[in-house]
Amino acid sequence: MGAALAAAMPRHIAIVMDGNGRWAKKRFLPRFFGHKAGVDALVRIIQACIDRQVEQLTVFAFSSENWKRPTDEVSGLMGLVLAAVSRYLVRVGSMGVQIRIIGDRDAIPDKLRKAWADAEAATAHNRKLVLNVAFNYGGRWDIVQACRKAIAAGLKPEELTEAQLDRFMAMAHAPDPDLFIRTGGELRISNFLLWQSAYTEFVFSNCLWPDFNEAELDAAIRSFQERDRRFGGVKLEAQSC
């Protein structure tokens, strides 16, 4: 990692980890094996983000729309997540990673809900990287649940501002993503972090997620560094004397 790459490192990177199924299909394997390889890729990228001093990494693990997938695939994903928590929790915790789960937990099986809670509690003291795992998450759901919480808190319509609503969003603990990466060649955000990505820089990669590595991450970061981020404003040219 060169000095130029470290100079303007994004504080917060969000990733849609797409392409697991196609990765498996190319190898004549069941889709489940693609998801398993995807977990290995995630651990690799977690370490890469720590090495690059990224503060927050948010990954889209399971969307609220993924329940529409075949039952056997959904069941396999649930089992894989349970196994991954058991297999990688100690390792990820020893890396200094704080795990936080964002999403609607009501529809999640009890065993998985408990595993998530245990993972959060076990890593709450870690500070090297915050790993936000979006599970049973949708951007529209996030906005609706924030509105409901604001109403329940007693906010009047005239009191509701962007800053106030932001307090109730699932990612209220994190800065908005600087860089949004989607792997797998698709050019859409699929209902991920709709509120938080208003001024995020997007990079779409053709790389299938299980093949995503440090070089792919660095390429996305370099693309981010080349952007002129004005956040809706205009940068004035320096006036000569």
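How accessible is Arg 188, buried, partly exposed or exposed? At 45% relative accessibility, Arg 188 counts as partly exposed. Here buried means under 20% relative accessible area, exposed means over 50%, and partly exposed lies in between, for a 1.4 Å probe and protein chains only.

1. Basis of the note. The structure is a predicted model, in which local features need pLDDT of at least 70 and side-chain atom pairs count only at pLDDT 80 or more, while totals for chains, interfaces and linings use all residues. Residues are numbered from 1 along each chain as its sequence is written, and side-chain values use heavy atoms, with hydrogens and water left out.

2. Salt bridges. Side chains of opposite charge can pair when their charged atoms come close. A salt bridge is counted when a side-chain nitrogen of Lys or Arg lies within 4 Å of a carboxyl oxygen of Asp or Glu. By this rule there are 9 salt bridges. One of them joins Arg 105 to Glu 120, with the closest N and O atoms 2.9 Å apart. Arg 105 lies in the loop between β3 (97-102) and α5 (110-123) and Glu 120 in helix α5, so the pair ties together parts that are 15 residues apart in sequence. Helices (H or I, at least four residues) and strands (E, at least two) are DSSP runs, numbered from the N terminus. Arg 105 is partly exposed, at 25% relative accessibility.

3. Arg 188 and its partner. The side chain of Arg 188 forms a salt bridge with that of Glu 186, at 3.1 Å from N to O. Glu 186 is partly exposed, with a relative accessible area of 25%.

4. Arg 227 and Glu 201. These two residues form a salt bridge whose closest N and O atoms are 3.0 Å apart. Because Arg 227 lies in the segment after α8 (214-225) and Glu 201 in strand β6 (residues 201-204), the pair ties together parts that are 26 residues apart in sequence. Arg 227 is partly exposed at 30%, whereas Glu 201 is buried at 16%. Elsewhere, salt bridges that share partners join Asp 18, Arg 22 and Arg 182 into one network.

5. Nonpolar cores. A nonpolar core is a set of buried Ala, Val, Leu, Ile, Met, Phe, Trp, Tyr and Cys residues joined through side-chain atoms within 4.5 Å. The largest has 49 residues, of which Ile 13, Ile 15, Ile 46, Leu 57, Val 97 and Phe 135 touch the most other members. With contact defined as heavy atoms within 4.5 Å, and residues up to four places away in sequence not counted, Ile 13 touches residues including Val 54, Leu 57, Leu 179 and Ile 221.

6. Aromatic pairs. Rings of Phe, Tyr and Trp (its six-membered ring) pair if their centres lie within 6.5 Å; planes under 30 degrees apart count as stacked, over 60 as edge-to-face and the rest as tilted. The whole structure holds 10 aromatic pairs. Phe 60 and Tyr 137 are edge-to-face because their ring centres are 6.1 Å apart and their planes stand at 80°. This pair links strand β2 (residues 56-63) with strand β4 (residues 129-137), the two residues being 77 residues apart. Phe 60 is buried at 9% relative accessible area, and Tyr 137 is buried at 0%.
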